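Subject: Structure for you to look at

Hello,

The structure I mentioned is below. My notes on it follow.

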Amino acid sequence: METWPILISFTYPHEAYLVKGYLESNGIEAIINDELTAQVANIYSNAIGGVKLRVSESDYNQGIQLLKDGGYLQEENYKNESKVEIVLFDKSTNKKICPFCSSDNIAVNNKPGVITTVVMAIINLIVMIGAIFPRFKSSFKCFDCGKEWKYKRK
Ligand SMILES: [Zn+2]
């Protein structure tokens, strides 16, 4: 029997559907797992590994290549915040400008949303046993130099 490995996973079902459509338009059949769980409780979506998009083993390598071509793998990295740099700040730090190029063309990524944060806070209170759930903090992105960063008090 042919296996269907996970090609990529997403926090939200609509992201998975977007990529499913993209793959299928390129002739690759894709299936989506754990969609319902993610819709019912987005908070658990990351804990269970998100909404999983699977393709047949024979399509896997082509699928990865299509994801790269479509820029979806970069998005996944961005989601994991692997590019986010830590910037030390003090009272004199102007958080309205980019610490790397001083541009004011920046955006704040507040993730997840307010409701999720409240749910997270409750769950964190319940579990308390350390870092079962990652702590989310606002990160910043500069549209001029492309850097992403978070602030950490000196
Ligand atoms: Zn910048």
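Ring pairs join Phe-89, Phe-100, Phe-140, Trp-149 and Tyr-151 into a cluster. Please keep in mind that this is a predicted model. In total, the structure holds five aromatic pairs.

Two of the pairs share Phe-140. With Trp-149, Phe-140 forms a stacked pair, at 5.8 Å centre to centre and with 10° between the planes. Phe-140 and Trp-149 are both buried. With Tyr-151, Phe-140 pairs edge-to-face: the centres are 5.1 Å apart and the angle between the planes is 75°. Tyr-151 is buried, as is Phe-140. Phe-140 belongs to strand β6 (residues 139-142) and Tyr-151 to strand β7 (residues 148-153), so this pair ties together parts that are 11 residues apart in sequence.

Two lysines sit over rings of the cluster. Lys-95 has its charged end over the ring of Phe-89, 3.9 Å from the ring's centre. Lys-147 lies over the face of Phe-100, with 4.8 Å to the ring centre.

One other residue I looked at is Ser-103, which is found in the loop between β4 (85-89) and β5 (106-109). Is Ser-103 buried or exposed? Its relative accessible area is 8%, which is under the 20% limit, so Ser-103 counts as buried. Leaving aside residues up to four places away in sequence, Ser-103 touches Lys-96, Ile-97, Cys-98, Cys-142 and Asp-144.

Regards

Terms used:
Residues are numbered from 1 along each chain as its sequence is written. This is a predicted model: local features need pLDDT of at least 70, side-chain atom pairs count only at pLDDT 80 or more; totals for chains, interfaces and linings use all residues. Side-chain values use heavy atoms; hydrogens and water are left out. Helices (H or I, at least four residues) and strands (E, at least two) are DSSP runs, numbered from the N terminus. Buried means under 20% relative accessible area, exposed over 50%, partly exposed in between (1.4 Å probe, protein chains only). Contact means heavy atoms within 4.5 Å. Rings of Phe, Tyr and Trp (its six-membered ring) pair if their centres lie within 6.5 Å; planes under 30 degrees apart count as stacked, over 60 as edge-to-face and the rest as tilted. A charge sits over a ring if NZ of Lys or CZ of Arg is within 6 Å of the ring centre and within 35 degrees of the ring normal.
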